[in-house]
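Have the sequence and the coordinates at hand.

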Amino acid sequence: MFFCNGGKTVDRRLQELGAQHFYDTGLADDCVGLELVVDPWIDGLWLALKEALLLQKEKGGMNSVVDAVTSSLSPAPHVVHELNLSSEVQKLKLEDEGAKSSDVLSQKVDDINLVAPARNTEPSLVNSIPPLSQSALNIPALPPEYIEVQFQGTHGENPHLSSLISEETTFEVPVTKAVQLTREDAIKTALLLELDISDTVFDYQPGDAFCVICPNNANEVEELLHILGLSEKGDDFVCVKVKQGTRKKGASRPQHIPERSTLKFILTWCLEIRAVPKKAFLRALVECTSDAGEKRRLQELCSRQGASDYMRFIRDSNVCFLDLLYAFPSCRPSLNLLIEHLPKLQARSYSVSSSNLYQPGKLCFVFNIVEFPACPARAVSRKGVCTGWLAELVAPLLHPNKNTLDTKGESFSTEKISIFPRPNNTFHLPADPSVPFMMVGPGTGISPFIGFLQHRQRLREQHTDWEFGETWLFFGCRHQDRDYLFKDELRCFLENGTLTHLKVCFSRDSSTAEVAPPKYVQDIIRLYAKEVARVLLEEKGYFYVCGDKKHMADGVSDAVVEILSMEMEADRLEAMKILAMLREEKRYLQDVWS
């Protein structure tokens, strides 16, 4: 909803003040790669600028700036030829590229053949094919180094985890319960974790989120130390400061890096070693690579000509820094490059799946264990940074044995995790309990709605004289018998009247029915078009969506637009305006992730 909102706001305001576009605004998305939009936009700018200048001249409306620019190139002050404009546009273009100090790598074809890997018919992370393998390359400027790392022995203490985040309050809380919600043969493994917050002032409402401070995988940190030749230095303290005489303007130590801590602490808690490397990092790695073939391939991957290879073999394949070091074994970067180019290890956000009213002193949340399977660009399979760590942490609770049982035979855990609140100001139950609402939450998207229903059940028990509106839940999963999350709990909510309508679908279960049942939640919603329209338009109800944005939430909003268009007998544009109004009124609410 707020994609590129800053740029759009400036763009809109300039037009309000009378500015006119001579070239379309570019809206780039870092999730898929800024260069997909930025590079073509820059390429097209020069022709558009040339045409705009010519058009202004033809209209006799050249402003003083353009006059000054063109007259400086023209022998006759009052005669401006197209050639002069072309020259000036070219001059601007060269100046722009000069400002970026872009390098053009021009190698003879013979030289390229010498350093290129053995010819393969298919390109890969480490191999390219013509024409790229024989092209001159435009590669980014080498970013100036600005960090200096000094080793200082093994004496000292690491900072507390709370100092790594900007939020004021963190809480260290024990994990008291872990339940696997899916069957062993389910495609994804979903876990429910319960935290004990009774000894803290942590407070939340159903619909809120919170963040878990997680470390990088210990084995991956050790692998990285080994590759960098620093296995013996992991427990040594290092001092991180700005390099004397650096060419980087305004250089400062990254805020997420302590001034003094052990090397292992930085790699474990501070740097996102799983981050997909950006092109500037690849450019820096070129200088740390000794093998000519590997060097050339890294140059290709960060070049403008290699943009599609970068997207295919690095971004889309979710290749991380460690994968690159395995793929290019002669690459040996210095420690300062990691600190300069790897982003901050972010805390991971999760939706609360409980109600403090229903379970005082407890906080529950649900997640799928993220899996990254092995592929040509990734030698080994990996689990998500946080979900893999949490799964390993609670394994004794999931699979108790004699070592994890106390004298009464009950399991116990002293494992604690650090969390901090991330309250949601809008994704909450309606303030008026008589207002009806609909919830759409396939898979782990059901998580906040369990909290909603727990809260509603307790309110119904405490306030028997209140009027409560109807509640709808649209839930979907792959298989009814493998990954139907909270099946028994939902049945109870339905039986006691907390949940009025439960509509479910199963996308991978086969059916012998003449009419195929709906596969996805957006399909079920369409079956209840009149009810959706009634709740939203007549009864001023609420509509909540939680889960995957790309494959679900966008489909759900499309379905709602279709329903509004059909039930109101309005065109699609009018229906989209109504949905926008519902969003504005905070009655169509989303808690989605990409």
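Is glutamate 220 buried or exposed? Glutamate 220 counts as buried, at 6% relative accessibility. Buried means under 20% relative accessible area, exposed over 50%, and partly exposed in between, with a 1.4 Å probe and protein chains only.

This is a predicted model: local features need pLDDT of at least 70, side-chain atom pairs count only at pLDDT 80 or more, and totals for chains, interfaces and linings use all residues. Residues are numbered from 1 along each chain as its sequence is written, and side-chain values use heavy atoms, with hydrogens and water left out.

**Salt bridges**

The whole structure holds 29 salt bridges. Each is a side-chain nitrogen of Lys or Arg within 4 Å of a carboxyl oxygen of Asp or Glu. Three of them are listed here.

| Pair | Closest N and O atoms |
|---|---|
| Aspartate 481 and arginine 183 | 3.6 Å |
| Aspartate 185 and arginine 482 | 3.7 Å |
| Arginine 382 and glutamate 220 | 3.4 Å |

Aspartate 481 sits in the loop between strand S15 (471-477) and helix H16 (487-495), and arginine 183 in the loop between strand S4 (171-180) and strand S5 (190-196), so their pair ties together parts 298 residues apart in sequence. Helices (H or I, at least four residues) and strands (E, at least two) are DSSP runs, numbered from the N terminus. Aspartate 481 is partly exposed at 47%. Arginine 183 is partly exposed too, at 37%.

Aspartate 185 lies in the loop between S4 and S5, and arginine 482 in the loop between S15 and H16; their pair therefore links parts 297 residues apart in sequence. Aspartate 185 is partly exposed at 38%, and arginine 482 is partly exposed at 27%.

Arginine 382 belongs to strand S12 (residues 382-383) and glutamate 220 to helix H6 (residues 218-227), so this pair ties together parts 162 residues apart in sequence. Arginine 382 is buried, with a relative accessible area of 7%. Shared partners join Glu220, Arg274, Asp323, Arg378 and Arg382 into one salt-bridge network.

**The sheet**

Three strands form an open sheet in the order S3-S7-S8, with antiparallel pairing. Two strands pair if DSSP finds at least two bridges between them. Strands S3 (147-151) and S8 (260-262) are at the edges with a single partner strand each, so one side of each has no neighbour in the sheet. The twist averages 35° from one strand to the next. Axes are lines fitted to C-alpha atoms, for helices over the stretch in contact, and angles run from 0 to 180 degrees between N-to-C directions.

Strand S7 (residues 237-242) and S8 run antiparallel, joined by three bridges. Valine 238 has serine 261 in S8 as its bridge partner. Helix H7 (residues 263-270) packs on the sheet and touches S3, S7 and S8. Contact means heavy atoms within 4.5 Å. The direction of H7 makes about 90° with that of S8.
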